[in-house]
Amino acid sequence: MKLTLVSGLVDSVIADILFITIFEGSLSIKENKAILCLNPLIQQQILNFRQVYPQCVNYGEYNLIHLFGEFNVKAVFLIGAGKSADCTRDRLGSLFGSAVRAVHKFMVKTILLYANLSYTFNEIAAVQTIVEGMVLGSYKFDIYKSKKNGKIYQIFLAGVKAESIETMETALHQTQILTDSVNLCRDLINHPACYITPAFMAERAQNFRKYKKFAVDIFEETAIQEFGMNAFLAVAKGSDQSPRLITIHYQGNPDSKDLLAYVGKGITFDSGGISLKSSINMSDMKTDMAGAAAVLYAMRAIGKLQPKINIIAVLPCCENMPSGHAVRPSDVVKSLDGTTIEIDNTDAEGRLVLADAISYAIQFGATKIIDIATLTGACVIALGNTAAGIVSNNDILCQQVLSAASETGEKMWRMPIYEEYKESLHSDIADIKNTGGRAAGMMKAGSFIQHFVKELPWVHLDIAGVAYLKQIRGINPKGATGFGVKTLVQLAMVEQI
């Protein structure tokens, strides 16, 4: 999708449709700067519509006014925004995400939007939010469809002050990098597991070698075994697809000894192994690599934006399948850090691969760790499909993650890790077991991972409920959301992390 900034008036641009935001409670619709720039005949049509249908200002009300005559746009799309004071960035992005989907059926190719907007936040932030909402909201995954749906090719942002164009272009360039990364992440998650194998994940990562300050390493099964990553290999044993350990080292600040680790769970298909899942919704288990996908495409954005920070991304990728070679419940394996683990349930595999990946990051020199995974159904029960769950051993790092999430509109909620949760992981025959019962399952999973983090500052993000949606919501389509990419990039852009 191409973005074009225009410093002139709205009626100087030819487009299929004009988006106009209208708020509740304004004294007169003539106060709307976009409308003032329109042909007087169009202004009158909008004013007449407002009088006949005053509800059009309510949040989420969308109304199309067809124009007949020699005008620069074929139609005006009125976007009800509710009360100006209630218009947060999150609500604004969702508003335009839904708006852009609503006009798809009209075969719209070009959209004109007036950029000189009045919100409770600054103009650049407003335009970034609107563009992000439109790009992410217009996403469609139709690669395997014979008949493709029409897509919006261009957005014109008119009314930009001439002196603001350079600053606005820079900001929107960053927005486009971010939204492209989110949509590429969505593509990766939406593809079926017959294509997105551990080897395919490695191929995608290899493409990032082109970015400055990047070092990408791909380790196959023999190397993983030599490292002593037996917890990771235990999960991979049942599959004919060989595992891959992917590392991406970005050195954006060689003068600093700090090294932030992003660790993403990369189970490219999760059958549950011997502890086989129900067939109901098992097809969704192609998405169990959403954590690794989020890290991978966050690193793409970081490679383009080049923040002043050092990051090691670690992606343990494999399938979890049942076979004569698969790990069994009651088996014991030794992890990379020497911990012996009793496998109580082979469907609690994500924490096993994360344990070894985190230990690898620590050996590499990580000073802070953030892991992200579609880890537990318990998180979905607790927080639904609205928010990711967080557990952490460090208040400062946890608050930095929450602040970044708040800035990007990705909802997260911190959950506790009490000593009792750790006690539930006691094993009679090994140092620890990989499950502690269904109750408080998210926190117990977090407690298991914390064992391998040691004392390093750490945050665990459980995105099981938000990585993949069954219905459209705001800027998110049905299917993969790309959750986590924006927050991980925002963290990297804040130098004090």
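Analyst: One term before we start: a residue counts as buried if its relative accessible area is under 20%, and as exposed if that area is over 50%. Also, this is a predicted model.

User: OK. How many aromatic pairs are there in the whole structure?
Analyst: A search of the whole structure turns up 16. One of them joins Phe 19 and Phe 77, with 5.3 Å from centre to centre and 40° between the planes, a tilted arrangement.

User: Where do Phe 19 and Phe 77 lie?
Analyst: Phe 19 is in strand β2 (residues 15–24) and Phe 77 is in strand β4 (residues 73–83), so their pairing ties together parts that are 58 residues apart in sequence.

User: Are Phe 19 and Phe 77 buried or exposed?
Analyst: Both are buried.

User: Which ring pairs with Phe 227?
Analyst: Tyr 360 does, in a tilted pair at 5.5 Å centre to centre with 50° between the planes. Phe 227 belongs to helix α7 (residues 221–227) and Tyr 360 to helix α10 (residues 350–364), which puts them 133 residues apart.

User: And how exposed is each one?
Analyst: Phe 227 is partly exposed, at 31% relative accessible area. Tyr 360 has 11%, so it falls under the 20% cut-off and is buried.

User: Which rings make up a cluster?
Analyst: Phe 208, Tyr 211, Phe 214, Tyr 250 and Tyr 297 are linked into one by ring pairs.

User: New topic: charges. What sits over the ring of Tyr 59?
Analyst: The charged end of Arg 91, 3.9 Å from the ring centre. Likewise, Arg 186 has its charged end over the ring of Tyr 139, 5.2 Å from the centre.

Note on methods
Residues numbered from 1 in each chain as written. Predicted model: local features only at pLDDT ≥ 70, side-chain atom pairs only at ≥ 80, totals over all residues. Heavy atoms only, no water. Phe/Tyr/Trp six-rings, centres within 6.5 Å; stacked < 30°, edge-to-face > 60°. Helix = DSSP H or I, 4+ residues; strand = E, 2+ residues; numbered from the N terminus. Buried < 20%, exposed > 50% of the residue type's maximum accessible area, 1.4 Å probe, protein only. Lys NZ or Arg CZ within 6 Å of the ring centre and 35° of its normal.
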